[in-house]
Amino acid sequence: MIELINLSYEIDNKKILDNINIKFDSNFTVITGPNGSGKSTLAKIIMGILKPTSGKILYNGEDITNLSIDKRANMGISFSFQQPVKFKGITVHDLINLSSGEEMNVHDACEVLSQVGLCAKEYINREVDSSLSGGELKRIEIASVSVRNSNVTIFDEPEAGIDLWSFNNLIKIFKNLREKNNGKTIIISHQERIINNSDKIVLLENGKVKEIKSTKELNNIVSVTNCCKVGGDINE
Amino acid sequence: MNNLDSHILKIINEELSRKDSAYNIRKDGKSIERASTDNIKIESKTDKDGIDIYVKEGTINGYVHIPVILTKSGFSDKVYNDFHIEKNSIVVINAGCGIHNDAHKDSSHNGIHRFFIGENSYVKYIEKHYGEGDGDGKRILDPVTEVYLGKNATLEMDTAQIKGVSSTIRQTKAVLEDGAKLVIGEKIMTHDNQTAKTIFEVTLNGSNSSAKVTSRSVATDKSHQEFISNVIGNNECFAHVECDAIIKDEASVTSDPKITANHIDARLIHEATIGKIAGEQLIKLMTLGLSKKKAEETIINGFLK
Ligand SMILES: Nc1ncnc2c1ncn2[C@@H]1O[C@H](COP(=O)(O)OP(=O)(O)O)[C@@H](O)[C@H]1O
Ligand SMILES: [Mg+2]
């Protein structure tokens, strides 16, 4: 479980995150809130990509605030980027292998891709570069991260740019992660259907936690987020 | 052939085990093994050092191997190899060169390869350059490649120099007739104080001829690389030249592209990118559990694959 204690992040004297306290003890937490509210920054801090200005990050009770990205990854934290990174010469199959930490055979790697609705054979040997569309890159990102079966997986706006692909598949992936080794999922999302499937919702606004609610009390929060935006843009 | 020879051969020319290939193995300036096939004849030149390789019209799936190994420190080798490929043929040619230099004198190999590729023929040319040894003598490789592509002929040329070559100057010249196609993929990695210079000159004379040149290079330590290309379009044609370099440490890379269109329907493109490894690529691989060092290796290996 991840716990954030008095966590703040400043850049150029601007407070991006302001004294955040969250316990991610539910199986399926959604972080939502308007664009620019600090959601991606929060995710990057949990993964170790950004260092907080003050405050602490605990993972199963252990202080990981000063640990490197790869250490955290190997402890069981994974992150699916809002904007997937492109590579020259690294194929989709390579990426799946790197992500799973083993040499997967073609059949197994294809299974991974078909989870995100990609016809695997066409993609497996493609390079993860700009010859793939934004939506394709995004699905490959989600599939390759989910194959890690981590204890904690953070997805940053998984719905962005994948309108052609049904949300049911996406939700199935989150459920799979929960079933296998009881993984906890943290999802940054604006999507009502994803929010409706969550156990807990964190609403961020201007770098502050505006509200934390469990699903039972959810209904009025959904209307709050709907007014801001439904479905992010891959390039934002 | 001793163990060292087979070790080098394995690195530069892994497919030599094919039984049906024509081949010529050159070691320290001499041809030590040779075989021709029904369709592919290899003969020594009479006027200078080198061989002529004749591929008969209509040869399908021909294989030629002409590896070169240099193990004598201080040896300077120069060889002329001409490929005469008649029309309607499909041929794969492997021409690796490996230098083992354990002493302090410079060793060099200078291979001048000419290709005459007939109508409708397809040739794949694979060249791997490699150097090793503990001596402080230099390992120098200066290949010259001249290509003449007849009507609707295709040459795909893959060259790689990954390790151990102190200095190289690579010159590649090509002339293309109607509908001919040239595809070049070059990979170079330099270390220490190594230098590599690569020069392309492609002349598109034929209508609907096309050329694609892709150079990917990694320069590390204090090494220096230079990429020079000149593509001339004299007809309705298409060319795309791409030079993509990663620099590390105190290395430097220069890219000097030139494209000349002498015809209103010539479409010529040059792209060049030089820079360090993208930070976001390192971060992404680290989120998959790779150390920074391993992430860097993975990015470079992929880039040069
Ligand atoms: N490197 C940076 N320098 C300055 N401001 C930044 C930087 N990165 C993010 N921000 C700002 O921090 C705020 C939060 O950004 P982000 O976490 O990406 O928001 P969200 O993911 O909720 O849309 C935004 O106002 C953004 O402009
Ligand atoms: Mg964001």
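Me: What share of the 305 residues of chain B count as buried?

Reply: The share is 52%. Buried here means under 20% relative accessible area. This is a predicted model, and the values are computed from it.

Me: What makes the size of chain B agree with a compact globule?

Reply: The radius of gyration does. For 305 residues, the globule rule gives a value near 19 Å. Chain B has 20 Å, so the two agree. The C-alpha trace spans about 55 × 55 × 35 Å along its principal axes. The accessible surface of chain B is about 13,200 Å², and carbon and sulfur atoms hold 47% of that.

Me: Why is Pro257(B) called partly exposed?

Reply: Its relative accessible area is 36%. Buried would need under 20%, and exposed would need over 50%. The value of 36% lies in between, so Pro257(B) is partly exposed.

Me: Where is Pro257(B), and what does Pro257(B) touch?

Reply: Pro257(B) is in strand E21 of chain B, residues 252-261. Leaving aside residues up to four places away in sequence, Pro257(B) touches Ser229(B) and His270(B). Leu155(B) is 102 residues away along the chain, and the two C-alpha atoms are separated by 22 Å.

Me: How many bridges link E18(B) to strand E20 of chain B?

Reply: There are 11 bridges, again in the parallel sense. E20(B) holds residues 237-247. Ser217(B) stands opposite Ala245(B) in E20(B).

Me: Do strands E1 and E2 of chain B run parallel or antiparallel, and what lies between them?

Reply: They run antiparallel, with five bridges. E1(B) is residues 22-27 and E2(B) is residues 30-35. Tyr23(B) stands opposite Ala35(B) in E2(B). The hairpin has two residues between the strands, and Asp28(B) takes a positive phi near 45°.

Me: Why do E6 and E10 of chain A count as edge strands?

Reply: The sheet is open, with six strands in the order E6-E7-E8-E3-E9-E10 and mixed pairing. E6(A), residues 77-80, and E10(A), residues 208-214, have a single partner strand each, so one side of each is left without a neighbour in the sheet. Neighbouring strands are turned by 15° against each other on average, direction ignored.

Me: Which helix packs on this sheet of chain A?

Reply: Helix H1(A), residues 39-47, packs on the sheet. H1(A) touches E3, E6, E7, E8 and E9 of chain A. Its direction makes about 145° with that of E6(A).

Me: What area is buried between chain B and chain A, and which residues of chain B lose the most?

Reply: About 1,700 Å² is buried, with 64% from carbon and sulfur atoms. Lys284(B), Thr287(B) and Leu288(B) lose the most in chain B, together 34% of what that side buries. The contact takes 19 residues from chain B and 24 residues from chain A.

Notes:
Residues are numbered from 1 along each chain as its sequence is written. Chains are lettered from A and ligands numbered from 1 in the order in which they are written. This is a predicted model: local features need pLDDT of at least 70, side-chain atom pairs count only at pLDDT 80 or more; totals for chains, interfaces and linings use all residues. Side-chain values use heavy atoms; hydrogens and water are left out. Two strands pair if DSSP finds at least two bridges between them. Helices (H or I, at least four residues) and strands (E, at least two) are DSSP runs, numbered from the N terminus. Axes are lines fitted to C-alpha atoms, for helices over the stretch in contact, and angles run from 0 to 180 degrees between N-to-C directions. Contact means heavy atoms within 4.5 Å. The radius of gyration is taken over C-alpha atoms; the globule rule is 2.2 Å times the number of residues to the power 0.38. Buried means under 20% relative accessible area, exposed over 50%, partly exposed in between (1.4 Å probe, protein chains only). Accessible areas come from the Shrake-Rupley method with a 1.4 Å probe; for residues, only the protein chains shown count as cover. Buried area is the accessible area (1.4 Å probe) that two parts lose on being put together, summed over both.
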